[in-house]
Amino acid sequence: MSTLSSSELARAVALLEKGNWQAAHKIVQEDEDSALACWAHGIVHLMEGDISNARYWYREAKRPFPKSPAAPQEIAQLRAALRG
């Protein structure tokens, strides 16, 4: 496992924005340590419909799981966090 570069993570977020969670998953599963990658991984599983796995990755990211999870809002918040 390695930490994703900011450009790799931005690429994964762009794929999430397009609805391509499968391709985003291939990227984010390479980084199980950084909070942003774990958050992106959680969003992947949210989009997939695997809520229990999404909750796991949100815990790994040290983020509360949203009460009413909505992937577009989570992706937008992740994009904003990437921009700093």
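Analyst: **The packing, step by step**

Val28 is a buried residue, with a relative accessible area of 0%. Here, buried stands for under 20% relative accessible area, exposed for over 50%, and partly exposed for anything in between (1.4 Å probe, protein chains only). Before we go on, please keep in mind that this is a predicted model, in which local features need pLDDT of at least 70 and side-chain atom pairs count only at pLDDT 80 or more, while totals for chains, interfaces and linings use all residues. Residues are numbered from 1 along each chain as its sequence is written, and side-chain values use heavy atoms, with hydrogens and water left out.

Where does Val28 sit? It is in helix H2, residues 21–28. Helices in this account are DSSP runs (H or I, at least four residues), as are strands (E, at least two), and they are numbered from the N terminus. If we set aside the neighbours within four places in sequence, Val28 touches Leu4, Leu9, Ala12, Ala37, Ala40, His41 and Val44. Contact means that heavy atoms come within 4.5 Å. From C-alpha to C-alpha, Val28 and Arg11 are 9.9 Å apart in space, although 17 residues separate them in sequence.

Now move to Ile43, a residue of helix H3. Ile43 is buried, because its relative accessible area is 0%. Beyond four places in sequence, its contacts are Leu16, Tyr58, Glu74, Ile75 and Leu78. His25 lies 18 residues away from Ile43 in sequence, and the two C-alpha atoms are 9.4 Å apart.

Let us see how H3 (residues 35–48) packs with H5: the angle is about 165° and the axes are 10 Å apart. H3 is therefore roughly antiparallel to H5. For such values, axes are lines fitted to C-alpha atoms, for helices over the stretch in contact, and angles run from 0 to 180 degrees between N-to-C directions. Angles under 35 degrees count as roughly parallel, over 145 as roughly antiparallel, 65 to 115 as roughly perpendicular, and the rest as oblique. The H3 and H5 crossing is left-handed. That word means the near helix is turned anticlockwise from the far one by less than a right angle, whereas clockwise would be right-handed. On the H3 side, the contact is made by Leu36, Trp39, Ala40, Ile43, Leu46 and Met47. On the H5 side, it is made by Ala71, Glu74, Ile75, Gln77, Leu78, Ala81 and Leu82.

H5 also packs with helix H1 (residues 6–17), at an angle of about 160° and with axes 10 Å apart. H1 and H5 are therefore roughly antiparallel, and their crossing is left-handed. H1 brings Leu9, Ala10, Val13, Ala14, Leu16 and Glu17 to this contact, and H5 brings Ile75, Leu78, Arg79 and Leu82.

Pick out Arg79, which is found in H5 (residues 71–83). Is Arg79 buried or exposed? At a relative accessible area of 16%, Arg79 is buried. Leaving aside neighbours within four places in sequence, Arg79 is in contact with Ala10, Val13, Ala14 and Glu17.

Finally, look at the rings. How many aromatic pairs does the structure hold? There are two. In one, Tyr56 and Trp57 are edge-to-face, 5.0 Å from centre to centre, with 85° between the planes. In the other, Tyr58 and Phe65 have ring centres 5.1 Å apart and planes at 80°, so this pair is edge-to-face too. Rings of Phe, Tyr and Trp (its six-membered ring) pair if their centres lie within 6.5 Å; planes under 30 degrees apart are stacked, over 60 edge-to-face, and the rest tilted. Tyr58 and Phe65 are both buried. Trp57 is buried at 7% relative accessibility, while Tyr56, at 35%, is partly exposed.

One more ring deserves a glance: Arg63 lies over the face of Trp39, 3.6 Å from the ring centre. A charge sits over a ring if NZ of Lys or CZ of Arg is within 6 Å of the ring centre and within 35 degrees of the ring normal.
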